Amino acid sequence: MQLFNTMSGRIEPLAPSDGSALRMYACGPTVYDYGHIGNFRTFIHVDVLRRYLKQCGMAVRHVMNVTDVDDKIIRNAAIAKVGIDAYTKKFEQAFFEDMEALGVERPEVVPHATDNIAEMVTLIEELSAQGIAYQADDGSWYFRIAKFQEYGKLSKKDFEGMEDGARIDVDEYDKDAARDFALWKSVKTDANGVREPAWETALGAGRPGWHIECSAMATKFLGESFDLHAGGEDLMFPHHENEIAQSEAASHQTFARHWMHVRFLLVEGRKMSKSEGNFYTLRDLLLKGHRASAIRLLLMSVPYRHQLNFTFDGLAESTHAVERLRTFAERMRGVFPEGLDVELAQASEKARAGYDAALSNDLNTAEAKAAIFDLVRAGNSAADAGTLRAGNAAAILEVLERFDGVFAVLVDRDAEITRAALAWAEREGRLEEASAEVVAMLSLTDAAIEAMVTERTKAKKMRNFARADGLRNELLAQGIVLEDSKDGVRWKRK
RNA sequence: GGCGCGGUACCCAAGUGGUAAGGGAGAGGUCUGCAAAACCUUUAUGCGUCGGUUCGAUCCCGACCCGCGCCUCCA
């Protein structure tokens, strides 16, 4: 498997250096609010990577942190008048519910920043012993960038020509140099005299800086040197650069050998932001009737190194694509004459090979998807022509299963996921954000739908088409589509 | 200002030094009680613009135009 490495700027082989499991660290969420689709694009692409590695027979040890203390959390918790524990717990739970809804596998290790304060303190002490960390007058600890010659090697920034203070008000801090970043923030008291959450440590009372937690936790769970570090492109600088500085200055070893960065998504051609009015959480979309599976497919269809332009046209397109794949998979599960059509067997092998070639080549999800759709057409054509044999159907299902091992959209959990989102909205008093169609569509239970379908089939048998069509239209009005076939009636939610 | 990415049909989007994957949408057709699904046909002499290299460029080089990202919290 070949993957682009931000550090070298080249596509390079990715393999476990210890010969057993690939050790990877991915920056996780800061749990201060509900996750938006941009967040999930990154997590989905990391999921694509880990799923494909496993499919290639590689064991994976994937660590993803949860940042459960930072400025926003402290501020928001104070506003909500709850402790930061209670505050973050709610959003962390929501985050993992969303990940589950989007089919993102849970990493092997999910450490919390607040559970690893001791490790961070030890790391800062080590840096201090080497004269790289220093304490400023306010009690906070900073990293002295001048002591780390390779600073900027990941983001390819040359700080020689940059003047301190160009963008930062130097006087605002007690740092020795403007670019020096905080390792440990000494405890402060806000305008109302309320003391911030703080840990009493050898460094003084305070809380960790953002960057140190990833260095400490990655090292704790993966060692001082590991295979891959991933995250959103915005984290490249300063976050990942700072992680490298802290870790390598302390250990004198290469922190991560391979760096993967997922590019941002745009919404309708513009950067997603609350002020643009184009900011969407997963829950926003689910309540509007968009399906989790279609959102996953859309977010992963454009390869991770390309910007993705998220549009509602694109989402509708993905909805149809998922539907077509599911319809095809179901068709292949049908009964066919024994035997094997050689030409079609070659087509399914070609699709499998195309799928693997695409993903092996820097995770080209668009090409992998195209290979599978070639197979969909070939399989459907053969089934229509009557040349498809049981052996072909089995082979095709095998290819589809491999495809779905990474894409994970074939199993239909959409109604269940949307129901859960509605239940959440109800609990939160946000039900008015849901579209009327969604509420209507899910108000019918599967059993109720099936009863109506049976009744229509009866009417149809008696050639009472007026009655049959009436029932079909009634269901359609509630978002249920019927399809007649030789093998009976299928129904699905629109 | 510095660093980086991209401009491919109606829309989304792969890709390659030898003449354009895939998906969606539209149109026509097959099938069907009617629909739906599925399939077939069809939609870029063309890949931002202008030069250059080459037997040949969308793909390489240069300039320019446009869009976007990072440089500050941010996936």
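Biologist: Into which domains is chain A divided?

Modeller: The model is predicted, and the bounds come from an automatic or database domain assignment. Along chain A, the assignment gives domain 1 (2-262), domain 2 (267-407) and domain 3 (414-493).

Biologist: How much area do domain 2 and domain 3 bury between them?

Modeller: The centres of domain 2 and domain 3, taken over C-alpha atoms, are separated by 25 Å. The contact draws on 14 residues from domain 2 and 15 residues from domain 3. Of the buried area, 52% is on carbon and sulfur atoms, and the total is about 1,200 Å².

Biologist: Which three residues supply more of the area that domain 2 buries against domain 3 than any other three?

Modeller: On the side of domain 2 that touches domain 3, the residues divide into three nonpolar, four polar and seven charged. A share of 46% of the area that domain 2 buries there is supplied by Arg283, Leu286 and Leu287.

Biologist: How far apart are the closest N and O atoms of Lys492 and Glu323?

Modeller: Six residue pairs are in polar contact between domain 2 and domain 3, and the rule finds three salt bridges across the interface. A salt bridge requires a side-chain nitrogen of Lys or Arg within 4 Å of a carboxyl oxygen of Asp or Glu. Lys492 and Glu323 form a salt bridge, with their closest N and O atoms at a separation of 3.7 Å.

Biologist: Which part of RNA strand B, sugar or phosphate on the one hand or bases on the other, holds 65% of its atoms within 4 Å of the protein?

Modeller: The side chain of Thr42 has an N or O atom 3.3 Å from a base nitrogen of RNA strand B. Sugar or linking oxygens lie 2.7 Å from a polar side-chain atom of Arg263 and 2.8 Å from a side-chain N or O atom of Ser381. Over the atoms of RNA strand B within 4 Å of the protein, the 65% belongs to sugar or phosphate.

Biologist: Which element gives the most residues to the surface near RNA strand B?

Modeller: Elements that give two or more residues include helix H1 (37-55), strand E10 (226-232), helix H11 (365-385) and helix H16 (465-477). With nine residues, the element that gives the most is H11.

Definitions and conventions
Residues numbered from 1 in each chain as written. Chains lettered and ligands numbered in written order. Predicted model: local features only at pLDDT ≥ 70, side-chain atom pairs only at ≥ 80, totals over all residues. Heavy atoms only, no water. Contact = heavy atoms within 4.5 Å. Buried area = accessible area lost by both parts, 1.4 Å probe. Polar contact = N/O pair within 3.5 Å; in protein donor to acceptor, adjacent residues only side chain to side chain. Nonpolar A, V, L, I, M, F, W, Y, C, P; charged D, E, K, R; others polar. Near = heavy atom within 4 Å. Helix = DSSP H or I, 4+ residues; strand = E, 2+ residues; numbered from the N terminus.
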